[in-house]
Amino acid sequence: MEEAKLAHYKQQTLEIIKAAGLPSMQVMYTKGDNISYSYAVTNDEFYAAPGCQQENAPISTESIYHACSIGKVPMGYMAAKLMEEGKLDIERKVVSYYDD
């Protein structure tokens, strides 16, 4: 990808995260199983939260985030796929899936 086009995409991404009130975003372009391009943009209006390793430092591509409840989205997706395949019934009690 040409540098001018990549710079344009980075600028658009920055505008999106600022409008959405996000601290940063990682973007990856893939083709098949290969990563074509990857970049991160940060919103200079954000600072690391108290208690973080870089407390009160501007957010950067090196910032470390607390993941907290990051597993809820993939777990919901997996549950939906299992329901679609008939392998999970949300009306059943969870313990009914365990062996005695």
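The chain contains 2 helices and 2 strands, where helices (H or I, at least four residues) and strands (E, at least two) are DSSP runs numbered from the N terminus. Colour the chain by secondary structure and follow the sequence: the pattern reads α-β-β-α. The model is predicted, and local features need pLDDT of at least 70, side-chain atom pairs count only at pLDDT 80 or more, and totals for chains, interfaces and linings use all residues. Residues are numbered from 1 along each chain as its sequence is written, and side-chain values use heavy atoms, with hydrogens and water left out.

Next, display the surface. The accessible surface of the chain is about 8300 Å², with 56% belonging to carbon and sulfur atoms; these areas come from the Shrake-Rupley method with a 1.4 Å probe, and for residues only the protein chains shown count as cover. Of the 100 residues, 11% count as buried (buried means under 20% relative accessible area, exposed over 50%, partly exposed in between; 1.4 Å probe, protein chains only). Among contacts (heavy atoms within 4.5 Å) with a separation of 6 or more, 27% are between residues 24 or more positions apart.

Now turn to the aromatic rings. There are 2 aromatic pairs, for which rings of Phe, Tyr and Trp (its six-membered ring) must have centres within 6.5 Å; planes under 30 degrees apart count as stacked, over 60 as edge-to-face and the rest as tilted. Select Tyr9 and Tyr29, a tilted pair at 5.9 Å centre to centre with 35° between the planes. Tyr9 belongs to helix α1 (residues 3-20) and Tyr29 to strand β1 (residues 24-31), so the pair ties together parts 20 residues apart in sequence. Both are partly exposed, Tyr9 at 24% relative accessibility and Tyr29 at 27%.

Tyr39 is buried, at 5% relative accessible area. Tyr9, Tyr29 and Tyr39 form one aromatic cluster.

Finally, select the charged side chains. The structure holds 2 salt bridges, each a side-chain nitrogen of Lys or Arg within 4 Å of a carboxyl oxygen of Asp or Glu. Lys81 and Glu84 form one of them, at 3.2 Å from N to O; both lie in helix α2 (residues 72-84), 3 residues apart, about one turn of the helix. Lys81 is partly exposed at 32%, whereas Glu84 is exposed at 62%. Move on to Lys87 and Glu85, whose side chains meet in a salt bridge at 3.3 Å, N to O. Lys87 is exposed at 55%, and Glu85 is partly exposed at 46%.
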